[in-house]
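Where does this chain leave open space, and where does it pack its nonpolar side chains? The report below takes the loops, the pockets and the cores in turn.

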Amino acid sequence: VEKSRSAEYLMIVSEQTLATEVRLLRADDPGGTWQVLIPREKGHEYSVQPVGERLYIRTNRDAENFKLVIAPLAAPSEWTQGLRHRPETLLMGFEVFASHLVAVERRAGLVHLVVHPTRGDAGFQSFEIPFDDPSYTVRLTGNEEFDTRRIRYEYSSLNTPTKTIDFDLDQEAPIVLKRLEVGGGFDPENYESQRIYAEAADGTQVPISIVYRKDRAATP
C-alpha cells in the first residue's frame, strides 16, 4: 500500500513475476470504492502514477523493454503515446513531478536520466542529465516533494566516490549536497577511467569498464 507522488491517491499494488495489478482510491475519500486500473493478466507488467485525472503508465504490453503511456483516470485502457518502445533501451522506471517526469533508462549497460515536461508551461524541452564519466552508476533518491524544480540522485563512478546531487531545472546545473569522504590520501584526479568494447564470438559488443592510476598504468 502506498500513496501517489501527488498525494492525491492511495494505491494497492500487487505483483508477481509476470503480472501486476493496481487498485486506486482517492486519498480524501478513504471510505470509497477501490478502482482496479488494469486487471491482472499473465505476462503484463505495469506501474502507475496518477496525477489529477491523468494516469502515467509504464507497461510491457507489446513492448518488451517497456514504454510509457498516458490515459484518463476514467478509462485506464484508452492509452495515448507517451514514450515509445525502443528495442535498444530499457525503460527501468520513472518519477512524476508537478511539471515534469524523469525517465530512468538503460542503454548499452549505462543508466540515463531523461527529463520530459508534462505540461506546456514547464519552460524547457526534453533533455538528458549529463554525466562526465564514461562509466558510472546513478539512481534517483529522496525525491519526496512533488511540486519542485529539483531532481535528486546519487552518482558514483570508478574514480568518483558517491555524491548526492540536486539537479536544478531552472539553472540547468547540478548542486552537490553530500560527498562520500575517502581516507588514505585518495585523490580522484590521480585516476583515469575508460569504457571500451570487446566483440564476442557472436558479434555482440560487450562493454568493459576500466580504471587505473595515471602514473602507474599505460592507457589501454
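Helices (H or I, at least four residues) and strands (E, at least two) are DSSP runs, numbered from the N terminus. This is a predicted model, in which local features need pLDDT of at least 70, side-chain atom pairs count only at pLDDT 80 or more, and totals for chains, interfaces and linings use all residues. Residues are numbered from 1 along each chain as its sequence is written, and side-chain values use heavy atoms, with hydrogens and water left out.

**One loop, two positive phi values**

Most residues other than glycine have a negative phi. F66 has a positive one, near 75 degrees. F66 sits in the loop between β6 and β7. D62 is found in the loop between β6 (54–59) and β7 (67–72). Its phi is also positive, at about 55 degrees, although D62 is not a glycine. Are these residues buried or exposed? Buried means under 20% relative accessible area, exposed over 50%, and partly exposed in between (1.4 Å probe, protein chains only). D62 is exposed, at 74%. F66 counts as buried, at 10%.

**Pockets**

A pocket is an open set of points on a 1 Å grid over the protein atoms alone, where a 1.4 Å probe fits, with protein on both sides within 12 Å along at least five of seven lines; lining residues have an atom within 4 Å of a point. A volume is the space filled by probe spheres set on the points, which are joined across faces, edges and corners.

| Largest | about 510 Å³ | 25 residues | D132, D133, Y155, T160 and K163 |

β14 (150–157), β15 (160–168), β16 (173–179) and β17 (191–199) each give two or more residues to the lining of the largest pocket. β15 gives the most, with five. For the second largest pocket, the elements giving two or more are β2 (9–16), β3 (19–26), β5 (46–51) and β9 (89–96).

**Cores**

A nonpolar core is a set of buried Ala, Val, Leu, Ile, Met, Phe, Trp, Tyr and Cys residues joined through side-chain atoms within 4.5 Å. The largest has 18 residues, and L113, I129, F131, V138 and Y153 have the most contacts inside it. β11 gives the most to this core, with four residues. A second, separate core of 13 residues includes Y9, I38, Y46 and A71.
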